[in-house]
Amino acid sequence: MQFKILRSLLLLPALIASSYALVFAVDSSSLVSTATYSTALGEGFTKAIIRGYEEACGVGGEVDPNFVGSYNNARAAGYTNIDMYWFPCNGSGNNCKSYATQLAEIAATFSAHSMNIGTIWVDLEKDAAVCNNWNYGTSGNLAQAQSLITAIKATGFNFGIYSSPGEWSTLFGSTGVVLDSAAPLWFATFNNVETVTLGTPFGGWTTAVGHQYTDVSASGQFDLSPYGRQQQLRATHSVTHSEPPKPA
């Protein structure tokens with residue numbers, strides 16, 4: 001609801017300072033139509049995150065076949081804030097491409113399709129059922145993750161890390177293990193709490209920029225997340241308070 005003018009005037013000192021707002025995001029690993037993205041955007045989900053690379057251990061990793069199509073559909077629907085996530089191929093029993101090669105394939109896709117991607121989110125989670133990735137032991141997993149981070153830093157791309165306290169302990173043996181706590185964190189805790197508060201610190205992080213809070217949406221294609229955004233509120237702007245959007 002919009003505050004009345006008198007209340008706005010009383011709040012003028014606060015308007016000059018920075019405040020935090022939330023940007024709501026949808027993420028998906030399947031092909032999403034323009035119509036579905038349009039509905040989500042109309043409901044207030046202004047950020048889209050698309051799986052851009054899948055582990056596909058049978059072929060050593062590959063650009064997700066749905067990546068370009070979903071990206072184009074999101075753009076056609078009006079999205080301008082688009083990230084991707086990279087589910088890297090690894091595992092001692094898999095003939096995976098090097099991390100540098102996986103990233104080179106991502107970069108080539110960006111270039112070939114003139115894609116404007118804000119952040120590459122590195123998806124760190126165990127897949128025991130299909131590819132049995134991250135099976136090097138906790139110290140070996142950490143060494144692999146360090147190699148992965150070195151590779152993505154060499155690209156110059158903006159990147160962040162996606163994981164959860166439980167996945168972190170599974171991969172590295174403890175929530176206290178630090179990989180790169182300077183990188184932005186998008187964490188998963190399906191608790192239906194629409195905040196970015198990191199209830200269980202891990203990996204050296206005490207705060208996060210995104211929180212995947214549910215995998216339930218009206219379309220059945222999205223996980224949902226709020227993202228923190230620092231913005232300047234100016235005295236010339238109306239002061240508004242937005243309710244969280246309904247599930248897309």
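Student: How many disulfides does the structure hold?
Tutor: The structure holds two disulfides. Before we go on, this is a predicted model, where local features need pLDDT of at least 70 and side-chain atom pairs count only at pLDDT 80 or more, while totals for chains, interfaces and linings use all residues. Residues are numbered from 1 along each chain as its sequence is written, and side-chain values use heavy atoms, with hydrogens and water left out.

Student: Why is the disulfide of C89 and C96 called left-handed?
Tutor: The torsion about its S-S bond is about -60°, so the disulfide is left-handed. The sulfur atoms of C89 and C96 are 2.0 Å apart.

Student: Why is C89 called buried, and what is C96 called?
Tutor: Buried means under 20% relative accessible area, exposed over 50%, and partly exposed in between (1.4 Å probe, protein chains only). C89 has 1%, so C89 is buried. C96 has 22%, so C96 is partly exposed.

Student: How do you know that β6 and β7 pair?
Tutor: Two strands pair if DSSP finds at least two bridges between them. Three bridges join strand β6 (residues 159–163) to β7, and the two run parallel, so they count as paired. S163 stands opposite F187 in β7.

Student: What makes the crossover from β6 to β7 right-handed?
Tutor: The term means that, with the strands pointing away from the viewer, the path from the first strand over the helix to the second runs clockwise. Here the chain goes from β6 through helix α7 (residues 165–172) to β7, and this β-α-β crossover is right-handed.

Student: Which residues of β7 point which way?
Tutor: L185 and F187 point one way, W186 and A188 the other, and all are buried. In a regular strand the side chains alternate between the two faces of the sheet.

Key. Helix = DSSP H or I, 4+ residues; strand = E, 2+ residues; numbered from the N terminus. Disulfide = S-S within 2.5 Å.
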